[in-house]
Amino acid sequence: MEVRARAPGKIILAGEHAVVHGSAAVAAAIDLYTGSSIRLLPAGDADAVELDLKDSGLTFSWACSRLRDVLGEGCCQAEAPRPCSSDELAALAKLLEEHEIPEAKIWLSAGLSAFLFLYTSILGLKPGRVVVSSDLPMGAGLGSSAAFCVSMSGALLTAAGVVAVAGGSQGEGWQVFEKADLELVNRWAFQGEKIIHGKPSGIDNAVSTFGSMIKFKKGTLTNLKSRNPVNMLITDTRVGRNTKALVAGVSERASRHPDAMASVFNAVNSISEELSSIVELAAEDEIAITSKEDKLAELMEMNQGLLQCMGVSHASIETVLRTTLKYNLVSKLTGAGGGGCVLTLIPTCILFAS
């Protein structure tokens with residue numbers, strides 16, 4: 001039997017980076033997905049764990065006997081998510097060294113480590129074939145790694161018989177998990193994210209797991225109900241960057257300038273809290289909608305200025321900001337910055353006019 005799961009990418013409307021330091025952030029799922037499929041194989045058929053990364057054109061395979069030699073029998077407790085230890089990380093790195101990963105694809109190493117950890121922790125050393133494909137650009141700030149970890153955790157836990165779909169439909173034939181099962185998926189996905197990014201806040205995997213729009217602060221998730229559509233244009237600068245390094249850079253700046261950066265994080269927290277309140281307000285007419293969107297635009301503009309203070313903007317991002325400003329449109333980076341994607345708020349009146 002083949003098990004398939006998918007998870008959406010995300011945009012962050014306010015609060016990236018500061019959320020790692022305890023501030024609130026607001027994020028929303030987008031209609032681009034990563035899908036993972038798993039087919040468990042009879043032990044005598046192919047005694048290996050195979051991973052096919054469709055978009056990268058790469059396939060990896062690890063003999064179960066080799067996994068046993070390096071990782072040991074391990075502790076397969078799918079119902080109890082746990083962090084990957086430093087010894088396990090070193091063992092996973094040893095397994096990856098045995099594969100010739102192209103230099104241009106070396107950034108895949110962290111994702112492969114997360115995959116092996118999640119697979120062996122949830123399914124043990126059972127042979128199987130996993131296929132991953134995605135609509136999301138890699139390393140662009142749209143939550144590609146979180147969507148990978150969430151879809152992978154969902155598929156693995158289903159294959160292990162630990163979770164089951166609730167029967168509700170989400171369109172295109174996809175069914176959804178019960179809330180308790182989603183919580184388990186989210187907790188495992190967070191462990192995968194920690195392998196990839198070091199010290200993530202958890203907001204990416206949370207919005208990818210639960211979908212819709214959320215406010216996230218110190219691990220607590222609040223669902224937001226947007227009373228009016230919030231229209232965003234997403235521009236990919238096509239400038240790659242390292243999320244882990246950017247997160248670490250902000251932390252280093254905070255340690256060098258603790259008082260100043262604390263003020264920055266507090267300001268971002270206020271922006272996220274206000275933005276989440278505005279999103280939930282119902283605007284009944286064109287004047288009210290315009291007023292609401294003007295406030296959202298101002299908050300986005302302030303948030304972008306604070307992200308510049310954190311040192312995570314980039315020349316490519318500034319180019320998009322200047323270009324959209326020519327048309328009186330407000331933009332901000334989304335995600336880690338340093339390149340990646342930029343959000344531009346598109347006023348409803350422009351959509352009506354077109």
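With which side chain does that of K332 meet in a salt bridge, and at what distance, N to O?

Author: Happy to. The side chain of K332 meets that of E16 in a salt bridge, at 2.9 Å from N to O. The term stands for a side-chain nitrogen of Lys or Arg within 4 Å of a carboxyl oxygen of Asp or Glu.

Before going further, please keep in mind that this is a predicted model, in which local features need pLDDT of at least 70 and side-chain atom pairs count only at pLDDT 80 or more, while totals for chains, interfaces and linings use all residues. Residues are numbered from 1 along each chain as its sequence is written, and side-chain values use heavy atoms, with hydrogens and water left out.

Back to the pair. K332 sits in strand β11 (residues 331-334) and E16 in the loop between β1 and β2, so the bridge links parts of the chain that are 316 residues apart. Strands here are DSSP runs of E with at least two residues, helices are runs of H or I with at least four, and both are numbered from the N terminus. K332 counts as buried because its relative accessibility is 0%, and E16 is buried too, at 2%. The cut-offs are under 20% relative accessible area for buried, over 50% for exposed and anything in between for partly exposed, with a 1.4 Å probe and protein chains only.

With a relative accessibility of 6%, H17 counts as buried. R238 is another non-glycine residue with a positive phi, about 60°. R238 lies in the loop between β10 (232-236) and α7 (243-256), and its relative accessible area of 75% makes it exposed.

Further along the loop between β1 (2-14) and β2 (25-40) you will find S23. S23 is buried, at 4% relative accessibility. The side chain of S23 comes to 2.7 Å from the backbone oxygen of F265. Beyond its neighbours within four places in sequence, S23 is in contact (heavy atoms within 4.5 Å) with A18, F216, K217, F265, N266 and N269.

Some of these partners lie in another part of the chain, which brings us to the domains. An automatic or database domain assignment sets the bounds, and the chain is divided into domain 1 (2-222) and domain 2 (225-353). Their C-alpha centres are 27 Å apart. At the interface, 28 residues of domain 1 are in contact with 36 residues of domain 2. Together the two domains bury about 2,400 Å², with 64% of it on carbon and sulfur atoms; this is the accessible area (1.4 Å probe) that two parts lose on being put together, summed over both.

What else joins the two sides? Two salt bridges are found across this interface. K215 and E273 meet through their side chains in a salt bridge at 2.8 Å, N to O.

On the side of domain 1 that touches domain 2, the elements giving two or more residues are β1, β2, α5 (179-197) and β8 (213-217). β1 gives the most, with four residues. This side divides into 16 nonpolar, eight polar and four charged residues. Nonpolar covers Ala, Val, Leu, Ile, Met, Phe, Trp, Tyr, Cys and Pro, charged covers Asp, Glu, Lys and Arg, and the others, Gly among them, are polar.

Helix α6 (residues 203-210) has seven of its eight residues buried. The buried residues of α6 pack against β1, β2, α4 (144-159), α5, β8 and β9 (220-224). Just after α6, G211 has a positive phi of about 70°.

Note on methods:
A polar contact is a pair of N or O atoms within 3.5 Å; within protein, one must be able to donate a hydrogen and the other to accept it, and residues adjacent in sequence count only if both atoms are side-chain atoms.
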